Amino acid sequence: MANEETIIQLKGMGKEFKTANGPVVALNDINLDIYRGEIFGIIGLSGAGKSTLVRCINMLEVPTSGQVLFEGENLAAMSEAERRMARQSMGMIFQQFNLLSQRTVLKNICFPMEIAKNHSYTKAEAKNRAMELLKLVGLEERAGAYPAQLSGGQKQRVAIARAIATNPKVLLCDEATSALDVSVQAQIIRLLKKLADGMKMSYLFISHDLALVSSLCDKIAVMYHGEIVESGATREVMEHPKEEYTRLLLDSVLSVPYGNQTIS
């Protein structure tokens with residue numbers, strides 16, 4: 001659970017895209033505090049702005065307005081070198097795995113350690129760390145395999161191991177289970193919960209999947225048309241929603257089956 005020190009703060013953050021038909025507002029006046037050690041979920045239907053929000057947090061997208069503060073420092077005001085250092089403290093898990101196809105599983109996990117600027121890993125250290133993580137995610141026997149030889153669930157396990165290889169302070173998960181079969185989703189959720197219980201990181205889960213965030217997150221925020229319409233402790237928001245959109249969203253996905261079990 002979190003302490004009282006914020007690690008990520010969004011202050012009046014907005015994002016506007018220019019299109020041939022005029023500007024499109026993807027995010028509007030986002031204000032959010034995520035505390036060190038906290039597990040935070042952001043839910044909403046497709047198109048709500050969730051993925052744009054997470055890409056603004058690590059500056060893959062530059063906000064049009066407002067501020068993104070990481071450990072109290074404004075990312076937009078940093079030099080490019082300082083921003084790269086800050087990004088290395090943010091692991092990220094994507095929906096589509098994004099593994100390097102010409103590298104083995106072991107070398108995929110070693111990759112972030114090879115390019116890390118805030119820590120110099122020897123080849124032996126990187127390999128030992130990668131094998132340690134493969135054991136953690138249950139794939140130590142697949143170290144020499146290539147991504148094409150793995151199932152979707154195995155690829156996501158490798159992606160998780162790679163994301164935490166350099167001991168990031170924050171783990172950003174953007175629809176981390178949505179590309180997987182239903183039964184595999186439950187396995188990945190259990191793995192993420194195990195990691196959350198055992199590692200001192202802050203987590204931000206971006207998802208339209210209420211089962212995922214309700215089973216993992218201390219707090220949630222609900223997004224609708226680029227705005228946060230409601231936020232608070234997960235149980236409080238789920239049991240006593242204040243906004244009509246939140247009630248409609250919860251009614252539509254209140255019980256989501258995973259194989260033979262239901263995570264609620």
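How do strand β9 and strand β10 pair, and over how many bridges? I looked this up and found an antiparallel pairing of β9 (residues 219-224) with β10 (residues 227-233), over six bridges. Strands are DSSP runs of E with at least two residues, helices are runs of H or I with at least four, and both are numbered from the N terminus. Two strands pair if DSSP finds at least two bridges between them. Met-223 has Ile-228 in β10 as its bridge partner. The hairpin has two residues between the strands, and His-225 takes a positive phi near 50 degrees there.

I noted that the model is predicted: local features need pLDDT of at least 70, side-chain atom pairs count only at pLDDT 80 or more, and totals for chains, interfaces and linings use all residues. Residues are numbered from 1 along each chain as its sequence is written, and side-chain values use heavy atoms, with hydrogens and water left out.

Next I checked the salt bridges (a side-chain nitrogen of Lys or Arg within 4 Å of a carboxyl oxygen of Asp or Glu). The structure holds 13. In one of them, Glu-5 meets Arg-36, with the closest N and O atoms 3.2 Å apart. Glu-5 lies before β1 and Arg-36 between β2 and β3, so the pair ties together parts 31 residues apart in sequence. Glu-5, Arg-36, Glu-71 and Lys-169 are linked in a network of salt bridges.

Last I looked up Leu-99, in the loop between β6 and α3. Leu-99 is buried at 17% relative accessible area (buried means under 20%, exposed over 50%, partly exposed in between; 1.4 Å probe, protein chains only).
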